[in-house]
Amino acid sequence: MYKFLTTLIYFVTHICLRKVKVFDKQNVPKNEPFIVTCNHRSMVEIIILAMALYPREIHYMAKQELFKGKLLDRLFRSCNAFPVNRENPGPSTLKTPIKLIREGHIVGIFPSGSRVDNAPMKKGAATIAVISKSKIVPAAYDGPVRFRDVLFKRNKCFIQFGEPIDSTLYTAQYNKNDAIDQITITLESKTNLLIQTLKNEV
């Protein structure tokens with residue numbers, strides 16, 4: 001389902017409507033798994049981020065409330081989403097994303113955990129990066145927050161990628177907990193800078 005939907009949306013937004021513009025895609029690792037993060041205001045950036053990395057697939061971490069009922073559970077899982085308990089995260093929360101990274105996949109996380117602007121950044125992405133010894137590629141989205149505006153108005157969608165954050169460079173200098181803290185601080189700083197850069201560019 002993921003491949004079909006992303007191909008269809010990619011055709012509509014990139015070829016037919018030419019709505020998506022991507023900056024600094026050279027920062028995206030080509031032949032290795034990684035975590036990609038992004039600011040989160042609506043469902044739109046989830047789709048546009050997937051378009052920016054197409055044809056590579058993203059496996060998104062999503063709140064477990066979205067998976068209620070067999071139909072919704074099957075739908076979201078078919079779109080490469082997997083549920084997490086955001087209210088009471090535990091060790092089991094980390095198993096799926098770490099397994100996906102070790103299998104060579106891209107894991108998508110919205111570390112603010114909220115659609116509220118300036119929400120504090122959570123440590124989940126940094127924790128997963130440290131345990132899996134992987135990189136985090138920060139990204140920022142600017143553009144419409146409603147799908148109908150993407151499709152029926154002239155508004156364009158913009159994604160900008162920052163330079164990867166290599167977790168192994170931090171674990172070489174700090175203990176595990178301090179490394180996670182430092183990566184989270186760096187990720188928040190880089191994300192805010194990307195957001196501001198995009199606003200100035202567009």
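Helices (H or I, at least four residues) and strands (E, at least two) are DSSP runs, numbered from the N terminus. This is a predicted model, in which local features need pLDDT of at least 70 and side-chain atom pairs count only at pLDDT 80 or more, while totals for chains, interfaces and linings use all residues. Residues are numbered from 1 along each chain as its sequence is written, and side-chain values use heavy atoms, with hydrogens and water left out.

1. His59 belongs to strand β3. The residue is buried, its relative accessible area being 12%; buried means under 20% relative accessible area, exposed over 50%, and partly exposed in between (1.4 Å probe, protein chains only). Apart from neighbours within four places in sequence, His59 is in contact (heavy atoms within 4.5 Å) with Asn80, Phe82, Leu100, His105, Ile106, Val107 and Gly108.

2. As to the overall fold, the protein chain comprises 8 helices and 8 strands. Its radius of gyration is 16 Å, close to the 17 Å that the globule rule gives for 202 residues, so the chain is as compact as a globular protein of that length. Here the radius of gyration is taken over C-alpha atoms, and the globule rule is 2.2 Å times the number of residues to the power 0.38. The C-alpha trace spans about 50 × 45 × 35 Å along its principal axes.

3. Of the 202 residues, 44% count as buried. Among contacts between residues at least 6 apart in sequence, 72% join residues at least 24 apart.

4. Why may helix α2 (residues 44-53) be described as largely enclosed by the rest of the structure? The description holds because 9 of its 10 residues are buried. They are Val44, Glu45, Ile46, Ile48, Leu49, Ala50, Met51, Ala52 and Leu53.

5. The loop between α2 and β3 (58-63) contains Pro55. The peptide bond joining Tyr54 and Pro55 is cis, with omega about 10 degrees.

6. Two residues other than glycine with positive phi deserve mention. Asp24, in the loop between β1 (20-23) and β2 (34-38), has phi near 60 degrees and is partly exposed at a relative accessible area of 31%. Lys133, in the loop between α5 (124-132) and β6 (135-142), has phi near 55 degrees and is exposed, with a relative accessible area of 65%.

7. Helix α5 packs with helix α8 (residues 176-201) at an angle of about 130 degrees, the axes being 8 Å apart. This makes α5 oblique to α8. Axes are lines fitted to C-alpha atoms, for helices over the stretch in contact, and angles run from 0 to 180 degrees between N-to-C directions; those under 35 degrees count as roughly parallel, over 145 as roughly antiparallel, 65 to 115 as roughly perpendicular and the rest as oblique.

8. On the α5 side of this contact are Ala125, Ala126, Thr127, Val130 and Ile131, which meet Lys176, Ala179, Ile180, Ile183, Thr184 and Leu187 in α8. These residues divide into 8 nonpolar, 2 polar and 1 charged (Ala, Val, Leu, Ile, Met, Phe, Trp, Tyr, Cys and Pro count as nonpolar, Asp, Glu, Lys and Arg as charged, and the others, Gly among them, as polar).

9. Val12 is placed in helix α1 (residues 2-16) and is partly exposed, with a relative accessible area of 28%. Val12 and Ala172 lie 160 residues apart in sequence and 45 Å apart in space, C-alpha to C-alpha.
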